[in-house]
Amino acid sequence: MTSLSDLPLRDTLVGKQPYGAPQDPVPVSLNVNENTHPLPEAVVADIAASLAEAVRGVNRYPDRDFLQLRAALAGYLGHGLTAEQLWAANGSNEVLQQVLQAFGGPGRTLLSFTPTYSMYPLLADGTDTAWRPVERPADYALTPDFVAAALREHRPNIAILCGPNNPTGTPLDLDTVLAAYDAFDGILIVDEAYHEFDAERESAITLLPGRPRLLVSRTMSKAFAFAGVRLGYLAADPAVIDALRLVRLPYHLSALTQAAAQAAIRHSGEMLATVADIRAQRDRLAAALTALGYLVHESGANFLLVGGFADPTAVFETLRAQGILIRDLGIPGHLRLTAGTETETTVLIEAIAALAPR
Ligand SMILES: *Cc1c(COP(=O)(O)O)cnc(C)c1O
């Protein structure tokens with residue numbers, strides 16, 4: 001049998017591992033930060049009707065520039081954005097990949113502040129972009145001075161600020177984004193995958209006017225409860241969108257994806273109605289774990305990074321055996337826990353409370 005090491009793989013991919021969060025069919029699945037609340041039935045029916053209509057047209061290629069969807073996304077984001085400033089792809093992972101294809105590549109570098117989203121180095125590898133991780137301060141919080149110093153020192157072609165940051169939950173302030181933008185002359189991406197959970201903070205979208213190197217990415221996979229559809233998007237200067245058009249595959253967004261996403265955006269109020277409950281569950285989980293003696297890091301997202309586990313891998317396996325899936329990211333003493341429904345959160349709290357006391 002042939003193994004991977006027998007093949008003439010690109011040098012930069014040798015020895016690398018694919019993204020691989022477990023996908024066990026367990027009753028309480030809290031390991032990839034999905035919104036675990038089901039979609040409202042009326043919304044399901046309207047999306048299904050839109051899909052049925054779209055199926056009638058699938059003998060033809062879809063709208064390559066998906067202008068209706070871009071207009072709908074611009075309307076959803078507000079701030080006076082127009083369709084020419086919007087872009088979308090099959091998940092924000094694909095959007096980020098396109099940004100790296102357009103602005104990264106051989107001889108170029110991508111910088112981000114670790115621990116952060118585990119896909120960034122994989123996307124760098126896939127596009128032959130050098131990955132330059134800079135470790136966050138002890139409390140994971142980024143300050144304007146810290147970020148500006150790192151960008152001045154390393155001068156990357158692309159930098160990503162993830163806010164709220166996955167996997168730490170750490171919120172990101174706009175003065176840090178501004179300091180980053182002014183500190184180097186490359187592309188600055190603010191990954192706002194969890195922005196809807198962080199109602200207190202303004203979006204980096206407010207900083208777009210006059211800043212053509214600033215890109216703000218979002219996704220329908222988290223708060224919007226639409227992970228299975230694969231729809232991520234980005235707001236930026238129209239010139240950036242022109243650059244992404246050079247690398248996207250023609251017709252990359254299927255007619256069905258476009259129809260489903262537009263229908264969901266028509267119901268954005270109902271789709272996002274669970275956000276308040278998820279935030280309440282996150283805060284309940286934080287209070288319960290703090291009372292049990294664990295270290296809970298500040299979070300603006302739908303998950304918590306929690307420290308104080310003597311053996312995180314053993315706790316991960318103990319919970320998995322009980323049908324509860326959480327995330328072990330290899331951060332010493334820590335695990336990442338997603339806030340689910342009230343029932344799921346209760347099951348999680350009780351399972352952790354039943355572990356050996358700390
Ligand atoms: C989940 C996540 C994404 C989005 O993934 P999709 O491809 O849109 O499903 C992007 N960035 C971060 C930080 C995430 O956690």
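This is a predicted model: local features need pLDDT of at least 70, side-chain atom pairs count only at pLDDT 80 or more; totals for chains, interfaces and linings use all residues.
User: How is the chain divided into domains, and how many Å apart are the C-alpha centres?

Analyst: The bounds come from an automatic or database domain assignment. Domain 1 covers 24-36 + 273-353, and domain 2 covers 41-267. Their C-alpha centres lie apart by 26 Å.

User: How many residues does each domain put into the contact, and what area do the two bury?

Analyst: Taking contact as heavy atoms within 4.5 Å, domain 1 brings 20 residues and domain 2 brings 22 residues. Buried area here is the accessible area (1.4 Å probe) that two parts lose on being put together, summed over both. Of that area, 58% is on carbon and sulfur atoms, and the total between domain 1 and domain 2 is about 1600 Å².

User: Which three residues supply more of the area that domain 1 buries against domain 2 than any other three?

Analyst: Together the trio supplies 28% of the area on the domain 1 side. The names are Asn-35, Arg-279 and Gly-300.

User: What are the counts of salt bridges and of residue pairs in polar contact between the domains?

Analyst: A salt bridge needs a side-chain nitrogen of Lys or Arg within 4 Å of a carboxyl oxygen of Asp or Glu, and the count between domain 1 and domain 2 is 0. A polar contact is a pair of N or O atoms within 3.5 Å; within protein, one must be able to donate a hydrogen and the other to accept it, and residues adjacent in sequence count only if both atoms are side-chain atoms. With both residues at pLDDT 80 or more, the residue pairs in polar contact between the domains number 6.

User: Which element gives the most to the side of domain 1 that touches domain 2?

Analyst: Elements are DSSP runs numbered from the N terminus: helices (H or I, at least four residues) and strands (E, at least two). Those giving two or more residues to that side are strand S10 (303-307), strand S12 (334-338) and helix H10 (275-291). The one that gives the most, with 4 residues, is H10.

User: Which residues of the largest nonpolar core touch the most other members?

Analyst: A nonpolar core is a set of buried Ala, Val, Leu, Ile, Met, Phe, Trp, Tyr and Cys residues joined through side-chain atoms within 4.5 Å. Buried means under 20% relative accessible area, exposed over 50%, and partly exposed in between (1.4 Å probe, protein chains only). The largest core has 73 residues, and those touching the most other members are Leu-161, Val-177, Leu-188, Leu-214, Met-220, Leu-231 and Leu-234.

User: How many residues are in the second, separate core?

Analyst: Its members include Leu-285, Ile-324, Leu-348 and Leu-355. The number of residues in this core is 24.

User: Why does the salt bridge of Arg-201 with Asp-173 tie together parts apart in sequence, and how close are the closest N and O atoms?

Analyst: Arg-201 sits in the loop between strand S6 (187-191) and strand S7 (214-219), while Asp-173 is in the loop between strand S5 (158-162) and helix H6 (174-183), so the pair links parts 28 residues apart in sequence. Arg-201 is partly exposed at 25%, and Asp-173 is partly exposed at 38%. The closest N and O atoms are apart by 3.0 Å.

User: Is Asp-198, which also meets Arg-201 in a salt bridge, buried or exposed?

Analyst: The side chains of Arg-201 and Asp-198 meet at 3.3 Å, N to O. With a relative accessibility of 4%, Asp-198 counts as buried.

User: Where is His-252, and which backbone oxygen lies 2.9 Å from a polar atom of its side chain?

Analyst: His-252 is in the loop between helix H7 (238-247) and helix H8 (255-266). Its relative accessibility is 11%, so His-252 counts as buried. Beyond neighbours within four places in sequence, its contacts include Phe-66, Trp-87 and Gln-98. The backbone oxygen at 2.9 Å belongs to Ala-88.

Key:
Residues are numbered from 1 along each chain as its sequence is written. Side-chain values use heavy atoms; hydrogens and water are left out.
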